[in-house]
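User: I want to learn how to read cavities and helix packing. Can you take me through an example?

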Amino acid sequence: MTGRLGKAVRQVGWAGALAIAVVLALGLGASWQAAHAIHQGQQERAQAVLDRAADLSDASVGSEVHRYLDTLRTVAAAVGSHNELTYDDFAATTAPLRQAGLVGGTSLVFLVAADDAQVPAVQDYWRRRGVPDLELKPQGTGREHLFTIFTRPLDDTPTLPAGTDLSQVAEPTTALWESRRSGETAVSDTYVLLRDRNLPADQQQLSFLLASPAYGDPTPDGRREFKGWVVLGLRGQDFIGRVLNRATQGQADAELWARNGGGQESRVARLHQAGHHPDRRRVTPVPIANREWQLVVSVDSARMGGSAPILPLFVGLGGTLLTLLVCAMLWALAGARGRAEERVVTATAGLRAAQRVADNQVALLNGILERISDGVGVVDETGEFLVHNPAAQAMLGDAAQDSGIFRPDGTTPFPTDEQPIVRALAGVATDNVEMLVRDPDRPEGVLLSVSGRPLEVDGQRAAIAVFHDITEAREREADLAAFAGIVAHDLKNPLTVIGAHAEMGRDALPDRPEHAVESLERVGAGVVRMRRLIDDLLAYVTARDAALKTTEVDLALLVTDVVAERVGHLRVQPDLYVGTLPRVVADPAMLRHVLDNLVGNALKYVHPGRTPKIDISAHPAAPGWIRVEVADRGIGIPDADKPHVFESFHRAHAGQSYGGTGLGLAICRRIVDRHGGTITVTDNPGGGSRFSFTIPAAVPLVPAAADVHEYA
């Protein structure tokens, strides 16, 4: 054997043998390195698909759950607002829900509680409120009964008859008790709905219900009467399955698991794609009312890699075979150089075909980029574009060269260091940042939603940005806001008429019976609350959509005017301190609304019997900015509410006797955001709250020791 090998080596020569060995080593290394690279690319693409599907599923489920919870809370609030709820009131309140697209919803039910002794009185009461044939059917004795009173069907399946007692079914009973205990919406354990238990087993599905307590308006002592529950029944697979199918778009499997009482887990819904064998999964927690469920998204790497799963092995084995073939040819034809070269050319044709396939893949990607409607751009660390598709070029135009990038108001230049692609170069990811792009060819501008992500190209820092044209969407929103404003204005006239007639009726009563006077005063109070809500809604729309008319504003004069309006009519004057205030650049009307709201809150949210104390001051912030502070010694804001006080309709003291719509601070944040600033709230070291917001300065502010008041 050794003799034959030595003879063969001598025939081709030591140089030829060495060349063949080098070709063999390089060919095998290159083949399996290419196979590994293809496999790695498939895994990365599969992971990207998984991440995208998981994020979309999480966002879709969360958004849909919030929509259902908001709908339920709204109905519960509307039901609780009726002093004497009737069937007609409930029917009118819930009528729009049939067209609300509540997929999976079976019915919306109003329930009340009664013990054994209360059953006859409760039955008689609700018969007089619009259910003349109501018959309460208590199950068992010695415990609280939970009776269905009113029902709004949301699908075509039969509903539970009025008077059904749910107290013997553990799952809904536990949720109802928890909802009443916490005062918040609660979700039940999963179970088969009573109305579905007569269906064949293969048509039954795990379901659950959402329960929200209904409370009446606060009494003078701050207490609220518990009136019952509003309950929404949901079939799990119908509700979640459609959401997951829309989010995954057939690329991933998804499951939603509920953690029931005692830690037992059950699968609420499952979406499985035919032929998938998932090998990658991601588990994401999903809050459902007062519980946290688990969303499991999984993909099949073999199908998500973008090419045949056997391709890496094919490339490796093909390269190996090709390398061995080349070596064999070199070995056999070492003495005939011309013929060997011809055979090598023939053998490498497969490699050229593979190259053509790769080129076709590149051409396909380029074609996709050229045809998608969203703009895509990649820049290097110097800000130069490496890639930008035609959609990006059309959206941006010459705006970057002409400094034509503004905030959504169309007048405030967009700071360079806040632009998504600049922040992405700094390693910070951003999502859905709105900016207006304007150039000489488009003087009206194009409103874009831009998302940026950090990127690495050839070991160098880079960034990718995706541009989406939302101009038409915002125009539609503006039309809707204008319509809402017109409707709100038109509501004021009938409210004024109602208030005037209520006052005239109260004055015209001959004997002024106490119950009639009280009813008319309630009407008048309701008119005041409705007018305040309309005013706040109009201010909320204006704060978002009205054009900014910035000018130089004397903050001291503006604060003096606001304070005079707020405290001039008070019998007991508050303890007020106003420090040195500079001139700023802002929209005077909008800035006045912010100051009026903060000063008004400082006067309103105080402990009973105490004199309000307010400290208004200004301090230097970032270059070109000042920070305005309004501090008080009021009741303060709980730590759990601080992250949410600037959200729409959030009230930190909802259970107390302080009025309000929950829109004031949301309006303040919108106005400050549109001026490019920020607004925050912290505890005042002396007790109470300290609100701070930043605003562009007209001239630099010099710190002064006198600006710090003794109780601030």
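Analyst: Start with the cavity lining. Strand E1 gives the most to the lining of the largest cavity, with 4 residues. Keep in mind that this is a predicted model.

User: Which elements give two or more residues to that lining?

Analyst: Three strands are named: E1 (105–114), E2 (145–153) and E5 (226–235).

User: How many cavities of 30 Å³ or more does the structure hold, and what is the volume of the largest?

Analyst: The structure holds 1 cavity of 30 Å³ or more. The volume of the largest cavity is about 220 Å³. Its lining has 17 residues, and the closest to the centre are Ser107, Val109, Leu160, Leu166 and Leu193.

User: How does the lining divide by class?

Analyst: Into 11 nonpolar, 5 polar and 1 charged residues.

User: Now the helices. How do I read a crossing angle?

Analyst: Angles under 35 degrees count as roughly parallel, over 145 as roughly antiparallel, and 65 to 115 as roughly perpendicular; the rest are oblique. Take helix H15 (residues 555–567) and helix H16 (residues 588–604). Their axes cross at roughly 45° and come within 10 Å. H15 and H16 are therefore oblique to each other.

User: What is the handedness of the crossing of H15 and H16?

Analyst: Right-handed.

User: Which residues meet there?

Analyst: From H15, Leu555, Leu558, Val559, Asp561, Val562, Glu565, Arg566 and Val567 take part. They meet Pro588, Leu591, Arg592, Leu595, Asp596, Val599, Gly600 and Leu603 in H16. By class, this contact has 10 nonpolar, 1 polar and 5 charged residues.

User: At what angle do H16 and H17 pack?

Analyst: H16 and helix H17 (residues 664–674) pack at about 145°, with axes 9 Å apart. Their crossing is left-handed. H16 makes the contact through Met590, His593, Val594, Asn597, Leu598 and Asn601. H17 brings Gly664, Leu665, Ile667, Cys668, Ile671 and Arg674.

User: How many residues of each class are in the contact of H16 with H17?

Analyst: There are 7 nonpolar, 4 polar and 1 charged.

Notes:
Residues numbered from 1 in each chain as written. Predicted model: local features only at pLDDT ≥ 70, side-chain atom pairs only at ≥ 80, totals over all residues. Heavy atoms only, no water. Axes fitted to C-alpha atoms, helices over the stretch in contact; angles between N-to-C directions. Left-handed = near helix turned anticlockwise from the far one by under 90°. Contact = heavy atoms within 4.5 Å. Nonpolar A, V, L, I, M, F, W, Y, C, P; charged D, E, K, R; others polar. 1 Å grid on protein atoms, 1.4 Å probe; cavity = no way out; pocket = protein on both sides within 12 Å on 5 of 7 lines; lining within 4 Å. Points joined across faces, edges and corners; volume = space filled by probe spheres on them.
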